[in-house]
Amino acid sequence: MPHATVTLAHEADFAGWRSATRSLAGRHTPPADITWRIAIDTESAALPAPDPAAARFTVPRAIMDLAAIMVQSALPDRFALAYTLVYDHVMGVPTGEDAADRMAGTKEDVITQTRQLRDEIRRALPSHDGTTPYQGRVDTLDLVPESNARFLTLQRSFAPWQLDMPDRTLRWTGQEMLCETPGQAPQPLDPTSLPPPALPMVPDLDIARITSLRAVALAAKTCLICPMAAHATQTVFGEGREAARMMFVGEQPGDIEDRAGRPFVGPAGQLFDRALLEAGIGRDDTYVTNTVKHFKFRRTPTRRIHEKAGPAEIAACAPWLAAERRIIRPAVVVMLGVTAASALLGRAVTISRERSRIIPMGDGSDGLVTVHPSYLLRLPDEAARTREYDRFVNDLRLAAGRLAPAVT
Ligand code: URA
């Protein structure tokens with residue numbers, strides 16, 4: 001097999017690693033046949049071209065989480081190590097004991113150092129008034145500080161900062177993230193390419209310990225975990241009965257929900273309401289929420305166009321959704337569309353394959369995957385709309401049927 005060289009855009013280019021891994025592991029390229037390098041400038045980054053012949057595969061969330069932690073370690077072979085993890089999974093072989101031990105140790109180091117770096121940043125920040133750029137220094141670390149760039153940006157409320165390292169400087173200008181290496185032009189660093197952080201990003205807040213839904217909702221209103229929060233009008237948290245036995249999970253608020261601060265109140269919400277009524281379900285008896293709590297969009301001169309939430313936003317919002325489920329403890333969770341289904345099931349989902357059947361959720365609740373109401377709105381012809389709408393109502397009835405008391 002020919003040797004592959006992957007040139008990643010920067011020291012913590014998780015998005016580039018993931019894309020290369022998808023192609024190379026799909027072609028069963030052994031770890032030893034790959035050289036992982038970091039580009040000297042953004043233009044020289046080079047990933048393998050997507051290969052239509054490569055096998056498609058899914059990787060459990062736990063493996064991707066560990067790979068993300070490896071990528072933010074400072075190990076020289078961190079990308080190779082993360083690749084080995086995925087490759088072994090694809091090939092169905094256990095990861096060797098030495099590599100597994102190294103990974104476990106690295107995970108601990110990265111978490112410890114992330115905590116230390118954040119503590120240092122928090123200690124140093126009060127002396128900065130927000131007008132002078134914060135300037136920090138990091139000399140030796142077991143992690144690449146890039147992975148904490150978003151944390152720093154949030155702590156600084158998007159005001160400029162810079163972090164000096166022995167060989168490079170990471171700088172947030174207030175507009176963009178740059179990596180500066182002596183003697184070279186500053187290179188832009190795409191914050192969305194960074195790995196999800198090793199620790200949750202809401203400062204000093206352990207969401208898993210909050211016990212009331214109202215408190216979780218309040219905390220979520222101040223959430224700045226991901227950059228979407230800076231652009232959306234507000235956090236759109238779930239709403240409904242705390243004692244609901246049925247929970248609906250959509251994708252993310254749309255334009256109207258973003259302005260109203262409530263889930264499913266726009267066109268998709270109206271269709272959803274109609275279907276609920278037809279299925280004999282009172283919306284007030286349920287809890288309705290989204291996988292992602294902020295509206296993600298692209299601005300045109302006249303409109304804000306919905307953009308699909310990506311893995312980073314889904315991961316950032318996961319603690320909020322987990323808290324909603326933990327507190328409400330619904331008997332049935334209806335996943336509206338692929339974003340909700342893959343986020344809650346922790347794997348890639350094809351709606352046509354998985355809809356309309358009861359899936360045990362691991363916490364004792366029943367899951368049911370169905371289409372997203374916006375899908376029904378997008379269908380081009382009347383006949384398909386009617387047929388698909390009826391299937392959707394049937395799915396809701398099926399979910400509601402799980403709540404009926406057992407007949408003896
Ligand atoms: N689509 C969603 O997934 N959620 C909403 O709240 C609105 C539209």
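A: Let's start at the end of a helix: just after H3, Gly92 takes a positive phi of about 75°. A quick note on the ground rules: this is a predicted model, where local features need pLDDT of at least 70 and side-chain atom pairs count only at pLDDT 80 or more, while totals for chains, interfaces and linings use all residues. Residues are numbered from 1 along each chain as its sequence is written, and side-chain values use heavy atoms, leaving out hydrogens and water.

Helix H3 itself covers residues 78-91 (helices are DSSP runs of H or I with at least four residues, strands are runs of E with at least two, and both are numbered from the N terminus). H3 is mostly covered, with ten of its 14 residues buried (buried is under 20% relative accessible area, exposed is over 50%, and partly exposed is in between, using a 1.4 Å probe and protein chains only). Among the buried ones are Phe79, Leu81, Tyr83, Leu85 and Tyr87, as well as Arg78 and Asp88. The cover includes strands S1 (4-8) and S2 (34-38), along with helices H1 (14-26), H2 (61-71) and H4 (97-124).

Now over to the ligand. Around it sit Gly250, Glu251, Gln252, Pro253, Gly254, Glu257, Pro263, Phe264, Asn290 and His372 (a residue counts if one of its heavy atoms lies within 4 Å). On its own the ligand exposes 240 Å², and the protein buries 93% of that (areas are from the Shrake-Rupley method with a 1.4 Å probe; for residues, only the protein chains shown count as cover).

Phe264 sits in the loop between helix H8 (255-260) and helix H9 (267-278), and counts as buried because its relative accessible area is 5%. Most residues other than glycine have a negative phi. Phe264, however, has a positive phi of about 50° although it is not a glycine. Arg329 also has a positive phi, near 45°. Arg329 lies in the loop between helix H10 (311-328) and strand S13, and at 67% relative accessibility it counts as exposed.

Arg329 also turns up among the residues touching Glu324, along with Leu213, Phe237, Gly238, Met247, Tyr287, Thr289 and Lys293, leaving aside residues up to four places away in sequence (contact means heavy atoms within 4.5 Å). Glu324 is in H10 and, at 0% relative accessibility, counts as buried. Its side chain makes a 2.8 Å polar contact with the side chain of Thr289.

Last stop, the sheet. Six strands form an open sheet with mixed pairing, in the order S8-S10-S9-S13-S15-S14 (two strands pair if DSSP finds at least two bridges between them). The edges are S8 (239-240) and S14 (358-360), each pairing on one side only. Strand S15 (residues 366-370) pairs with S14 in the antiparallel sense over three bridges, among them Ile358 with Leu368 and Pro360 with Asp366. S14 and S15 form a hairpin with five residues between them, and Gly362 in the turn has a positive phi of about 90°. S13 (residues 332-336) pairs with S15 in the parallel sense over five bridges, including Met335 with Val369.

How well is S15 covered? Five of its five residues are buried. In a regular strand the side chains alternate between the two faces of the sheet. On S15, Asp366, Leu368 and Thr370 are buried on one side, and Gly367 and Val369 on the other.

How values were computed:
The expected span of a helix is 1.5 Å times one less than its number of residues. A polar contact is a pair of N or O atoms within 3.5 Å; within protein, one must be able to donate a hydrogen and the other to accept it, and residues adjacent in sequence count only if both atoms are side-chain atoms.
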